[in-house]
Amino acid sequence: MSLEALNERVRTDLSYLAFGGADWVLPMKHPEGHVYDVVIVGGGQSGLGAAFGLLRERISNILVIDENSEGLEGPWETYARMVTLRTPKHLTSIDLGIPSLTFRSWWEAQFGPESWEAIDKIPRGDWMNYLRWYRRILGLPVINEVKLKLIEPAESGIHRLHIEGASAKSNVLLARKVVLATGIQGGGEWHVPPLIREKLPERLYAHTSKAIDFETLRGKRIAILGGGASAFDNANYALTAGVAEAHIFVRRDKLPSVNPIRQMESSGMIERFHVLSNHDKYAAISHFFNYNQPPTNDTFERAAAWPGFQLHLGAPWLDVEAADEGARVTTPQGQFTFDFLIISTGLLSDPALRPELSLVEKHIARWKDCYQAPVESANPLLDVHPYLSPGFAFTSRDKEGQKLLHGLFVFNYSALASCGLSASAISGMKNAIPKLVSGVADQLFLDNREEILNNFFSYNEHEFTGKWPQQA
């Protein structure tokens, strides 16, 4: 099969499912201009999947905005530096149950079934190419180079989205519902420890999420702080790019070997997480946080094979300082000097860290507002996660915020505590997107409940026109 033949198959499959039927949502007029039923912020895999899910529900007055250039949405060709995805290749995601839209169909259409059987994991660049194809074949309404600055709740269930960017035709979009499909960092910010941030100039370090000019590091010595999968991805990338030495420093005495995501993928934990009690949800995610996602075996072996690779276990950074030669790092094993430091210390999730939420942040309920964890499982990082509905909607910690937060949905990594492995995790997409779409659609329906019911009760279109001969 060719890609052209697959495209035709997708169109046929969608026609059999009556995709693109008449919209049921009642339109809303506003003196300031067009009101979208849903604006999705983020055009990566989460935003694209959410858009397709809404279109399948006959909610078509939608728009997806993304601050990046077309084709560079998400991390895959910006800061992601793994060779292949970590997710098992057989797991489906944003296809939403349509075989012709799966990555496997896209791959086999170009390279054949034998090639699919031969690959172990999905190459990172090919996953991004698949997302580009998915957007194009579905005709999803995405506008690039538009950045959300601020969400301003307005009257009558409207949100003003203050935007900027090369493709922004105005400064404001109006939306009834807003879905923050803003990726792994979209619920907070990437974390650089104060020890580094406050003591070193930015020219000497970068977080793994940042653009790094590896060409300038050729022949140099670098250090990477952190023992998770991203640390090893960056070590391999740097050594491939010509770095002379890459040292990984891990505070633990041994690398994590258990990946709880693998258990969740096969146990029902992803699909049925929403039925757990607060106690069970909190305990499960607190346990999840105790593990860093370990590197895949092939990633570790690839790094260990480089002559310039060094792994330092039981070696937390006790101090850092700028030196004439670069950055000096102090550990329990002694001092080391490097030309550059790469920080692989993850992220923090907290609505207070998001500037676009500054007008409503104080009303957003956190887990600490809704559940008091026992001492043995209490985790301050988890406590500040937003407490969401099963349909990914913000909930309010006070009466005043209920109206202001109505219509705001979180489909980024900060949904983990409330909704389990879902947004930003390929493993969770196929189960999370229908829950999100249902949550959005339910709100749209209930917002117009009175008018919809009145239309139903007053409906009087005669469908049956037959007459019995005796009556004639």
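In the predicted model, Tyr205 has Leu341 of strand 15 as its bridge partner. This pair belongs to the contact between strand 8, which spans residues 205–207, and strand 15; the two strands pair in the parallel sense through 3 bridges. Strand 15 is also joined to strand 9, formed by residues 221–225, and here 4 bridges connect the strands, which again run parallel. Within strand 15, Ile342 stands opposite Ile224.

Strand 15 itself comprises residues 340–343 and is covered on both of its faces. Phe340 and Ile342 lie on one side, Leu341 and Ile343 lie on the other, and all four of these residues are buried.

The largest nonpolar core of the model contains 80 residues, of which Tyr134 and Phe411 touch the most other members. When residues up to four places away in sequence are not counted, Tyr134 touches Leu48, Gly49, Phe52, Ile94, Asp95, Leu101 and Leu140. Another core lies apart from the largest one and consists of 20 residues, including Ile212, Phe214, Ala235 and Ala246.

Ser349 is classed as buried because its relative accessible area is 8%, and the class requires a value under 20%. Apart from its neighbours within four places in sequence, Ser349 is in contact with Gly187 and Gly188, with Leu381, Val384 and His385, and with Tyr413 and Ser414.

Key:
Residues are numbered from 1 along each chain as its sequence is written. This is a predicted model: local features need pLDDT of at least 70, side-chain atom pairs count only at pLDDT 80 or more; totals for chains, interfaces and linings use all residues. Side-chain values use heavy atoms; hydrogens and water are left out. Buried means under 20% relative accessible area, exposed over 50%, partly exposed in between (1.4 Å probe, protein chains only). Two strands pair if DSSP finds at least two bridges between them. A nonpolar core is a set of buried Ala, Val, Leu, Ile, Met, Phe, Trp, Tyr and Cys residues joined through side-chain atoms within 4.5 Å. Contact means heavy atoms within 4.5 Å.
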